[in-house]
Structures are given as C-alpha cells and as structure tokens.
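The sequence and the structure come before the account.

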Amino acid sequence: MTDGPYDRRTRAAQDRLATLDADAAVVPPGSNLRYLTGITAAGGERHFLLFLPADGPAVLLVPDLYETQVRAAPWVPDLRTWSDGEDPQAAVERTVETAGLAGADHVLVDDAMQARFTLAVRDALPGATLALAGPVFEPLRVRKDEAELAALRHAGEIADRVVDEVRALGPAAVGTTERELAADIERRLREAGGEGIPFGPLVAAGPGGGEPHHRPGDREIRAGDPVVLDFGTTVDGYVSDQTRTVVFDGSPAAGFETVHETVRAAQAAGVDAVEPGVTAGAVDAAARDVIEAAGHGDEFVHRTGHGVGLDVHEAPNVAAGDATELEPGMVFSVEPGIYLPDEYGVRIEDLVVVTDDGCERLNRTDRGYGV
Ligand code: ZN
Ligand code: ZN
C-alpha cells in the first residue's frame, strides 16, 4: 500500500521527525503504533518495537509469536523477528543497524514506552540523546480524518443508547449496587456493538459522586441519590466518553437542583465557546466562569476537558490558560462538574468535534437529571 492512510501517516511522522531534527522515533504497541500501521496487538514484556527513521524505511522488531498477526495489518513495515530463548537486546541492536540508526544522535521514544524498552534503546544507541516522541505524534493525531470521525461518532451513539437504557431503569435501579450497575453498563455497551471499554464505567451514587474519579463499590443506589454515570466504549479503536448525572427515584437533597442546573449551564457555555481559532483555555474559562459565578469555583477541581481519539485522554488539553488554538477536526470532552465531598457530585460530559464554524456534539441524550 502506498497511498492509504497509514502510508500517509508514516510519511507525515517522518516529516515531523525531520522538522524536530530527530533521527528516529521508537514506538511499542499502543495507540501510536496503531495510528501508524493499524497493528492492534497489545504490548507485553517482550521487545516489540517499531524503529521509524526520519529518512528511510521503517523496521519493526516483533516477537515471532506475533508475526502472523502483524503481517495481516493494513500497513506492514520491514519485519525482523526474534524468538523466546534468544537475547532480545541483541535483536534490538541488529534492528538498529538494519534501520540505519547505528550513528543516530537524537532519538525520540514513545511517551508510553515501558522503562525496560527505553533502556534497551539507550543501551543499543549509547551515543544518542533520548527524548519523548509526543511532539511527533500529537500534532498529527489531534486533527481527526473522516474515517476517524466516523468511528468516534459511532462510539458516541453506542454510549448514548446505553445511557438512555440505564436512565429508563428508573426506580428499578434503586437497590442495585454501584458495582452491579457498572457491570450491567459494560454488558449493555458490548450488546450495543462496542468492541470494548476504554475505562471501567464510573457509577457514583450519593457521596461517591463527591469524588470525581470514584471507583464503583458496594453501596446500593438509594431513592434521592444523584448518580454520576461516566462511561464510553470503543469502535475501531476510537473511544467515546460521556457523563450524565441522574436521580433514579425520589427527591434529591435541597440545593441539588440548583447545582445540577449550574453544571448544565456551564457545560452549555463551554460547548457554545467552541470554534476554530478559540483557545482551549477559553473553552475552560467559559465553563468555569458559570460555576465560579454560582459560588462553586472551589468545587470544580479539574480541567474542563481532554482530547479523545485512540486514547481516552490525549491532546488537546482543555485546561485553564491552555493556549492551543482549536482547529477543525479536533475532538474533545466538555465536562464541568461540581463535587461536594461526602454529599454528592454532578458532572455532565459530551464529546464535541470542532467544525469550520463551531462544533458538532457526539453525545445528544437528555442532560437533565430526571428519568
Ligand atoms: Zn468521562
Ligand atoms: Zn472525559
């Protein structure tokens, strides 16, 4: 394949390497390798590394038990294999020679590379300085193409379908534990066509919601509990991520309705601020201003959003002061929240795609708390 998306991406990454005056990037299995080649293998403890020179063909060192799988990928670089029982460091050194990198002096390693492989690269290239490869991949991955957007839309639709199903449980959800509801959500996401889950569904009832990253436990959902439901799925490797805060039955605590309305207004203000040329920091400010004006600024303890794509957290960073200018094709969450420790939390999250004149929401379900 010479004109497919993977070939184009590889050439774009090589151009970035040249711009950054780097000799090569080294990439293990993960989202960058998938982006470049379509290879979906999960990494492990075996040395499995793509050497992408700024100039010349890429060489992939693969444990031989992965060879058949890798040969079926959409874009297959020059393959070198090694077997269990061989010295993997010697295999890395041979691959460095094959890729023409023996004299390299500036080599970039994947930001998520395991330390053992970073040290293997360092030992194979003792004359090279190592740095992170994020600046190669982030600018390429941050703007999604049509195929990527199609997968992201589909993943969003699946999450939306499941949040509607869960909301429809209504009073029947009372008495279910957070952990049981999380398992039910996971099953529903698969049944609706999701490939997997990018993160364990978050179900945070009552006081659990006061912790932004609560882990579902054995607490039973009670009448009147605000319940934070934050989950997503994966389609073709691309993730969804949405949050709704609902009350399945009964009356929530006094003050909840105002807090919920504040978060809803903040989320709408954040989404309304999205358009090309606006900074990510301005989107954060638009949402944060609403919450601060309502007197809850100290209880909005995280950034307004994060990019999504092959990873559930990637560029851009929608945080206070971030100067990144939004461009069409960027996809990120807008997810303000208010967290009242030991009481409850409210978060509302949609993914949006920046368009030529604003944005498109990838999540469209009811943002109210009623069922
Ligand atoms: Zn989320
Ligand atoms: Zn999120």
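## Surroundings of R367

R367 touches R244, H260, R264, Q267, I348, D350 and R361, leaving out residues up to four places away in sequence; contact means heavy atoms within 4.5 Å. R367 lies in the segment after β18. Its side chain reaches the backbone oxygen of N363 at 3.1 Å. A polar contact is a pair of N or O atoms within 3.5 Å; within protein, one must be able to donate a hydrogen and the other to accept it, and residues adjacent in sequence count only if both atoms are side-chain atoms. With a relative accessible area of 18%, R367 is buried (buried means under 20% relative accessible area, exposed over 50%, partly exposed in between, with a 1.4 Å probe and protein chains only).

## Basis of the values

This is a predicted model, in which local features need pLDDT of at least 70 and side-chain atom pairs count only at pLDDT 80 or more, while totals for chains, interfaces and linings use all residues. Residues are numbered from 1 along each chain as its sequence is written, chains are lettered from A and ligands numbered from 1 in the order in which they are written, and side-chain values use heavy atoms, with hydrogens and water left out.

## Aromatic pairs

A search of the whole structure finds three aromatic pairs. Rings of Phe, Tyr and Trp (its six-membered ring) pair if their centres lie within 6.5 Å; planes under 30 degrees apart count as stacked, over 60 as edge-to-face and the rest as tilted. The F256 and Y344 rings have centres 5.4 Å apart and planes at 75 degrees, so this pair is edge-to-face. F256 is in helix α9 (residues 256-272) and Y344 in strand β16 (residues 344-347), 88 residues apart. Helices (H or I, at least four residues) and strands (E, at least two) are DSSP runs, numbered from the N terminus. F256 is buried, at 0% relative accessible area, and Y344 is buried at 4%.

The rings of F256 and Y369 have their centres 5.0 Å apart and their planes at 80 degrees, so they too form an edge-to-face pair. Y369 lies in the segment after β18 (359-361) and F256 in helix α9, so the pair ties together parts 113 residues apart in sequence. Y369 is partly exposed, at 21% relative accessibility. Ring pairs link F256, Y344 and Y369 into a cluster.

## Nonpolar cores

The largest nonpolar core has 60 residues, and those with the most contacts inside it are F48, I185, L229 and F248. Helix α7 (residues 146-167) gives the most to this core, with nine residues. Apart from it lies another core of 21 residues, including A91, V92, V109 and F117. A nonpolar core is a set of buried Ala, Val, Leu, Ile, Met, Phe, Trp, Tyr and Cys residues joined through side-chain atoms within 4.5 Å.

## Strand pairing

Strand β1 (residues 24-27) pairs with strand β5 (residues 106-109) in the parallel sense over three bridges, and A24 stands opposite V107 in β5. Two strands pair if DSSP finds at least two bridges between them. β5 also pairs with strand β6 (residues 129-132) in the parallel sense, over four bridges. Here L108 stands opposite A131 in β6.
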